[in-house]
Every structure is written in structure tokens, then in C-alpha cells.
Amino acid sequence: MEGDDCTFQPDSSDDHSQRGSVASSATLSRAQDVLIYLFGESAVHLTVEGLGSVNVQELARSVREALNIPECVQDVFALWLCSPLLDLQLKARHQPYKLCRQWQDLLYRFTEASEEDISQDEPYLQFRRNVFYPKSKELQIEDEAVLRLLYEEARSHILTGRYPSDPEHWTGLGALSLALDEGTNLDIRHKSLSSFLPAHVVMGSGGLFSTLRGKSSRQAGLEQSLLEAYKKISTSAGDSPAPTQLLHQYLNTCHTLPYYGCAFFLGEIDKPAQGILQRGKRKAVNVGICLEGVYVMDVKEKHVLLGLRFSELSWDHSYPEEEGDSHILWLEFDGEEDGTPVNKLLKIYSKQAELMSGFIEFCVELKSASEGGAAAGMDGEVSQSQQPAGQEGSKKNGRGGRRGMLSRQNSVVCNRVHSLNTISYVDNGKEIKRLKPKRAASFFTRQASAPSYSAVQVTESLEQG
């Protein structure tokens, strides 16, 4: 499955009770009603003829026309097929109706859902941000309708904790949402704070009784912080800042989060051993992948565990060797133990490991293509700094050669390498010495100069079957 075919985990807080946006009538040649959902609890209603054969390109064009989206920014959004169990960004050639017929097969292959949950799951179509649209181009958009669609999606990810953020981020973003929703009305006492701040911030993390005991004081403090941040916005932008100005400010703040615009996958990692009773336990993580890098986030604690740009990592995936084993995505990166530089290896258990690996490779190729235009005219010559494979660099750390050491800070955005259960390798100056049991395939022998990425054509194979 190619990069923009990859799967994404949904927002757990989204309530899509109106499911079944794709009609299932046997008479597909006649006009059928189709709902394309947007973030912000709204939808586009289309009447489509020949639903059984209509493709994504045709549907997306109709949605853009209904929303009056300018042609110059038509690539900002894509059609997604989503459900509470799985999200897929679709390609222009895909036919949503046929994919819906294959939905259960996709769930069995790429999720750990129970048979009962799979049998009851229904996908719906959603119009949302194209994960491959560059953030730099997004900053140039001036159309208010487009900006508001991007804002609603980013806001959803902030409120649900999918985009982990620090207090200075979520307070400022909440104030901007307040300004966009309420204008100059500063009375938020009758508004739900969860409309402006992340749910885990509003609820707190001290359990039920501490939540009830400290609810009033915490809510008062959060309201006061929101109002103070709002007053700063009004002071700096005037009494009535323009909506486009506020939308730009919101998105610009989100762009400071390195995982903005990521594709998200669900997985698990090993917990650090803390005695016999702790062995074998795992922690749920979200794995965000974008054009810049890979980010592993703690689902419960809402913070980043590991964030790596592509120049800082090597990766691979492995299939189960025996029944009961897991699909694994392997991430290798620089670290240290007791002052000694080592190469650390993190195992991410997930049925979507192959998709994640392919997605990373796809992003690397896109990034290389965009950055390597000037080098293409050099008669095929490659400079020393551009030799990542088969030479000195690959002997040290696989793709990219030696990389700078990672640092830790007291922010939800920064790495928490100390909390990861990793496998360590030592570089002895010649090659990487194994300090773990051998596995079937090692990414340290892969050649990055000639990518051998082979697309996993899931949907096509299912259609043929």
C-alpha cells in the first residue's frame, strides 16, 4: 500500500453517530445521496449517479465545488474513508463503494478489533487535510473557508490530545478559539471549557475524587488563563481582529508542533521492566509520521516519547515468525548509556507495521525528490555528503550515517528516551555489534542509495479477490 493509502487511527472523541455515508442500494446506477463529513460536525450532501463506479477524483471535485474551494489550493484536502476502528486516505483512482465492500477484510488485516466489533463497524467518507500537503505551502493560504476547514481539523486534534501540547500552547490556542467563536463576548461561564481546552486538561489526572474536589478551583483558574490570553490577543490585534488573522495565528501555532499534519497509527511498546510482575506488559502509543519524521506518543499521558527526523533514524519492519508473534516496526537511533554512545533500537508492535514502514519510505522518497532537484543535473555524480549507503555512513548507523545525540527537556513535545525499553547496540568503529538475539532481517544491511520500496497494493488485491 503506497503512502497515501496508509491507515490512520481515528479521534476517539469524535461522535459519528450518523454513519453509513456511502449508500448501499442494489440499484447503484440511479442517483444516490452521499454525505461527505467535515470536521466540526457538518457535512456536504451530494447526489451521485453510478455510485458503484464513481471514483475519489470525481467525488472530491464535487465537494470542492460545493465548498467553493479555489483550484489553486485543490491539493490541500483529500477524501478519507474512516470509522471508529480505521482511517484511510484514499487515492484519486479509488472507488469508495468498492472499498466499503472490502472494509471488514481491511479491519481483519490491519486492526486488533474483535470479530464482533468488526461486524458492526461502518465506514464513512470525510473531507480532511491531505497528509502530504507541505506546511510551508499551507502558510500561504489566504482563503478564509479553506483556513477554517484546516482550523477545525487542527482544533479537533488539539482538544482530543492527538497533538500533545504544553500549557502555553493550549492556553493560547484556546484563546484564539474563544475569539473566533465568541467574538468580543468575554463571558465563558456558560460555555464548556472542553470546547477550548484539551479534555485531559479540563478533567485533570488525579482520579474521580480529586477531580470532583478540585473541579471548581481548577475550572476558575483555566477560565482566568483563557481570558487573560484573550485580552492579549485583543490588545495586539485591535478590538476586532479579522477572522483570517486569527485562523493564521492558530495554524501558525500548531505548525510549531513537529507532528502537525502527521498520519497516525496505533501500536504498542514494551514497558521498562520493574520487577517480575511488570514483565511482558506493554504501553499503547500513537505513531505519527509526516514528511519530516516519526513521532511516538503515549496515548494515556498525552506526551511525546520519541521524536526523530528521518536523518536521525533507521527503520525496518518484520513479520511474525510464529503464531502468536507480532508485526514489528523497528526504529534505530543514537543514544547513550552511562556516558557511552550507543545505538538504541525501539520495537513497536502493530498490525500496521508494514504500512508504517512503507509510509516512512514513501515520505523519504518524496523529501529526497523535492530536495534533490538541483543534484539531478550533475551527470549522475553524487557528492560525499550524499552517500548514505554502502559506504562509510552506512557502517555507522544505516541511513544517514552518524547523527547528533538526542536531548531531553521538560516539555510534552520533547523526547523521553529514559522511559523507553530499548535494545542497545555498540559501535566499535568498524561495524555495529549485536547485543540482542538475531532476527530474520536487519535494516543495517539495507542500501539507501537505491530504494527498493515495493508498494503493498492492499485494496487492489482485495478487489481482485
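Author: A residue is called buried under 20% relative accessible area, exposed over 50% and partly exposed in between, with a 1.4 Å probe and protein chains only. This is a predicted model, in which local features need pLDDT of at least 70 and side-chain atom pairs count only at pLDDT 80 or more, while totals for chains, interfaces and linings use all residues. Residues are numbered from 1 along each chain as its sequence is written, and side-chain values use heavy atoms, with hydrogens and water left out.

Reader: Why is Glu41 counted as exposed?

Author: The relative accessibility of Glu41 is 67%, and the cut-off for exposed is over 50%; Glu41 therefore counts as exposed. Glu41 lies in the loop between strand 2 (32-38) and strand 3 (42-48). Its phi is positive, about 65°, although Glu41 is not a glycine.

Reader: What makes Asn68 exposed or buried?

Author: Asn68 has a relative accessible area of 62%, so it is exposed. The loop that holds Asn68 runs between helix 1 (56-67) and strand 4 (77-82). Asn68, a residue other than glycine, also has a positive phi, near 55°.

Reader: How do you know whether Leu222 is buried or exposed?

Author: The relative accessible area of Leu222 is 10%, and buried means under 20%; Leu222 is therefore buried. Leu222 is placed in helix 9 (residues 207-237). With contact taken as heavy atoms within 4.5 Å, and residues up to four places away in sequence not counted, Leu222 touches Trp170, Leu193, Leu197, Val201 and Val202. Val202 is 20 residues from Leu222 in sequence, and their C-alpha atoms are 8.0 Å apart in space.

Reader: What share of the protein is buried, and how many helices and strands does it have?

Author: Of the 465 residues in the protein, 49% are buried. There are 13 helices and 15 strands; these are DSSP runs numbered from the N terminus, helices being H or I of at least four residues and strands E of at least two. Among contacts between residues at least 6 apart in sequence, 68% join residues at least 24 apart.

Reader: Why is helix 6 called oblique to helix 7?

Author: Two packed helices are described by the angle between their axes and the distance between the axes. The axes are lines fitted to C-alpha atoms, for helices over the stretch in contact, and angles run from 0 to 180 degrees between N-to-C directions. Helix 6 (residues 144-160) and helix 7 (residues 167-182) pack at about 135°, with axes 12 Å apart. Angles under 35 degrees count as roughly parallel, over 145 as roughly antiparallel, 65 to 115 as roughly perpendicular and the rest as oblique. Helix 6 and helix 7 are therefore oblique to each other. Their contact is made by Arg148, Tyr151, Arg155 and Ile158 of helix 6 with Leu173, Ser177, Leu180 and Asp181 of helix 7. By class, these residues are 4 nonpolar, 1 polar and 3 charged; Ala, Val, Leu, Ile, Met, Phe, Trp, Tyr, Cys and Pro count as nonpolar, Asp, Glu, Lys and Arg as charged, and the others, Gly among them, as polar.

Reader: What makes helix 6 oblique to helix 10?

Author: Helix 6 packs against helix 10 (residues 243-255) at about 40°, with their axes 10 Å apart. That angle makes helix 6 oblique to helix 10. In this contact, Glu144, Leu147, Arg148, Leu150, Tyr151, Ala154, Arg155 and Ile158 of helix 6 meet Pro243, Thr244, Leu247, His248, Tyr250, Leu251 and Cys254 of helix 10. The contact has 10 nonpolar, 2 polar and 3 charged residues.

Reader: Why is strand 12 described as largely enclosed by the rest of the structure?

Author: Strand 12 (residues 328-337) has 8 of its 10 residues buried, so it is largely enclosed by the rest of the structure.

Reader: How do you know which strands pair with strand 12?

Author: Two strands pair if DSSP finds at least two bridges between them. Strand 11 (residues 314-318) is joined to strand 12 by 5 bridges, and the two run antiparallel; Trp315 has Leu331 of strand 12 as its bridge partner. Strand 12 and strand 13 (residues 340-349), also antiparallel, are joined by 10 bridges, with Trp330 opposite Lys347 of strand 13. Strand 12 and strand 13 form a hairpin with 2 residues between them, and Asp338 in the turn has a positive phi of about 55°.
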